[in-house]
Amino acid sequence: MMLVKGGMSKLLALVIIAMMVIQLIKPLGWPGLKRRSDFWKLALLAMAAISITAVLGHWT
């Protein structure tokens, strides 16, 4: 059971890192992500999402 929770947070981190790399190469064009320099917003999203999964993992 713990392997699945750890795997989900790692998968989430890898997906967001991939999105950050894509944003640097060619902007995604989503609202708030129109320029290459907006990749830091994805980093904030990643930190928040991983923090939430960590908190939820400790409560269950």
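Arg35 is exposed, its relative accessible area being 53%, where exposed means over 50% relative accessible area, buried under 20%, and partly exposed in between (1.4 Å probe, protein chains only). In this predicted model, local features need pLDDT of at least 70 and side-chain atom pairs count only at pLDDT 80 or more, whereas totals for chains, interfaces and linings use all residues. Residues are numbered from 1 along each chain as its sequence is written, and side-chain values use heavy atoms, with hydrogens and water left out.

Arg35 forms a salt bridge with Asp38, the closest N and O atoms lying 3.5 Å apart; a salt bridge here is a side-chain nitrogen of Lys or Arg within 4 Å of a carboxyl oxygen of Asp or Glu. The structure holds two salt bridges. Asp38 is buried at a relative accessible area of 4%, while Lys41 counts as partly exposed at 32% relative accessibility.

## The loop between the helices

The chain has two helices and zero strands, these elements being DSSP runs numbered from the N terminus (helices H or I, at least four residues; strands E, at least two). Asp38 is found in the loop between H1 and helix H2 (39–59), and, not counting residues up to four places away in sequence, Asp38 touches Gln23, Gly32 and Leu33, a contact being heavy atoms within 4.5 Å.

Ser37 is placed in the loop between H1 and H2 as well, and is partly exposed, with a relative accessible area of 42%. Ser37 and Gln23 are 14 residues apart in sequence, and their C-alpha atoms are 8.3 Å apart in space.

## Core and chain totals

The largest nonpolar core consists of seven residues, Ile16, Met19, Met20, Leu33, Leu42, Ala46 and Ala49, and H1 and H2 each supply at least two residues of this core. Such a core is a set of buried Ala, Val, Leu, Ile, Met, Phe, Trp, Tyr and Cys residues joined through side-chain atoms within 4.5 Å.

Buried residues make up 15% of the 60 residues in the chain. Of the contacts in the chain with a separation of 6 or more, 33% are accounted for by residues 24 or more positions apart.
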